[in-house]
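Subject: Structure for you to look over

Dear colleague,

Please read them with the coordinates open.

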Amino acid sequence: FIEKESMMEMTSTQRLILINQYELMALLDKENADKYRRYQNIIKGGYRLNLKELHKEFSELSEDECKTVINTLEMYQALQVSYNNLHHKEDLTPHRLKFLGYCAIREKKYLNYLGFIAENDKKYRDLIQCPNGCDAQTPMWDKYIKMLDVWHKCPRQFHLSLAEIKQVLNA
């Protein structure tokens with residue numbers, strides 16, 4: 001029912017269902033009631049230009065993207081465990097090992113997935129309590145991909161040496 005390009009194609013029945021759902025959302029979520037009523041009016045009127053707004057409310061993550069987000073959390077967990085097991089930490093501070101999250105503007109779909117994970121998976125809750133609500137305020141996806149590449153080449157991913165930790169962080 002959603003075309004990737006720019007518009008929603010809906011039957012009259014689907015429009016009615018969505019209008020009713022937004023009505024319920026407006027009743028349940030008083031803070032955002034105006035936004036939901038606006039969406040209702042857009043759908044009722046069939047305003048194609050404004051339907052683009054609604055498209056932004058829907059995001060889609062591929063299976064690979066989901067796995068990459070989870071692997072990134074695993075990597076940060078490994079970095080922190082490895083760091084805590086080191087006897088000589090030299091000039092590396094725990095602050096450098098904090099997971100920063102994703103850019104709320106350019107990487108919103110990944111940030112939303114972090115929220116989903118935080119609510120549903122107790123395993124990563126400590127990692128996801130990052131500064132600024134995990135809004136890194138700069139795109140991080142490409143940086144994490146480079147870090148993951150280095151981390152995956154380490155023979156003992158959860159028992160990293162100081163040099164390996166630094167290599168991953170500096171990727």
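How many aromatic pairs does the structure hold? The count comes to 12 aromatic pairs, and since this is a predicted model, please take every value here as computed from its atoms.

One of these pairs is formed by Tyr-22 and Tyr-36, whose rings are stacked, with 5.9 Å from centre to centre and 20° between the planes. Tyr-22 belongs to helix α1 (residues 12-28) and Tyr-36 to helix α2 (residues 33-45), so the pair ties together parts that are 14 residues apart in sequence. Both partners are buried: Tyr-22 has a relative accessibility of 9%, and Tyr-36 has one of 10%. In another pair, the rings of Phe-99 and Tyr-102 have centres 6.1 Å apart and planes at 75°, and because an angle over 60 degrees counts as edge-to-face, that is how this pair is classed. Phe-99 is buried at 2% relative accessibility, while Tyr-102 is buried with a relative accessible area of 0%.

Not counting residues up to four places away in sequence, Tyr-110 touches Leu-61, Glu-65, Val-69, Tyr-102 and Trp-141. With Glu-65 there is a polar contact of 2.8 Å between the side chains, and with Val-69 the C-alpha atoms are 7.2 Å apart in space although the two residues are 41 apart in sequence. On a separate aromatic ring, that of Tyr-83, Lys-89 lies over the face, at 4.6 Å from the ring centre.

Turning to the helices, α1 has 17 residues and reaches 24 Å from its first C-alpha to its last, close to the 24 Å expected at 1.5 Å a residue. Its buried residues are Leu-18, Ile-19, Tyr-22 and Ala-26, and seen down the axis of α1 they fall within an arc of 105°, so they line one face of the helix. The face turned away from that buried side carries the exposed residues Thr-13, Leu-16, Leu-24 and Leu-28.

The residues of α2 that are buried are Ala-33, Tyr-36, Tyr-39, Gln-40, Ile-42 and Ile-43, and just after the helix Gly-46 takes a positive phi of about 65°.

Gln-40 is buried with a relative accessible area of 6%, and, leaving aside its neighbours within four places in sequence, it is in contact with Ile-19, Tyr-22 and Glu-23.

For helix α7 (residues 141-153), the 13 residues should span 18 Å at 1.5 Å a residue, and the end C-alpha atoms lie 19 Å apart, which agrees. Trp-141, Tyr-144, Met-147, Leu-148 and Trp-151 are buried in α7, and seen down its axis the buried residues fall within an arc of 120°, so they line one face of the helix. What covers these buried residues includes α4 (63-85), α5 (108-120) and α8 (162-169), whereas the face of α7 turned away from its buried side carries the exposed residues Asp-142 and Lys-153.

Finally, Ser-82 has its place in helix α4 and is buried, with a relative accessible area of 2%. A polar atom of its side chain lies 2.8 Å from the backbone oxygen of Ala-78. Leaving aside its neighbours within four places in sequence, Ser-82 is in contact with Gln-157, Phe-158, His-159, Leu-160 and Ile-165.

Conventions:
Residues numbered from 1 in each chain as written. Predicted model: local features only at pLDDT ≥ 70, side-chain atom pairs only at ≥ 80, totals over all residues. Heavy atoms only, no water. Phe/Tyr/Trp six-rings, centres within 6.5 Å; stacked < 30°, edge-to-face > 60°. Helix = DSSP H or I, 4+ residues; strand = E, 2+ residues; numbered from the N terminus. Buried < 20%, exposed > 50% of the residue type's maximum accessible area, 1.4 Å probe, protein only. Lys NZ or Arg CZ within 6 Å of the ring centre and 35° of its normal. Expected span 1.5 Å × (residues − 1). Arc of directions from axis to C-beta. Contact = heavy atoms within 4.5 Å. Polar contact = N/O pair within 3.5 Å; in protein donor to acceptor, adjacent residues only side chain to side chain.
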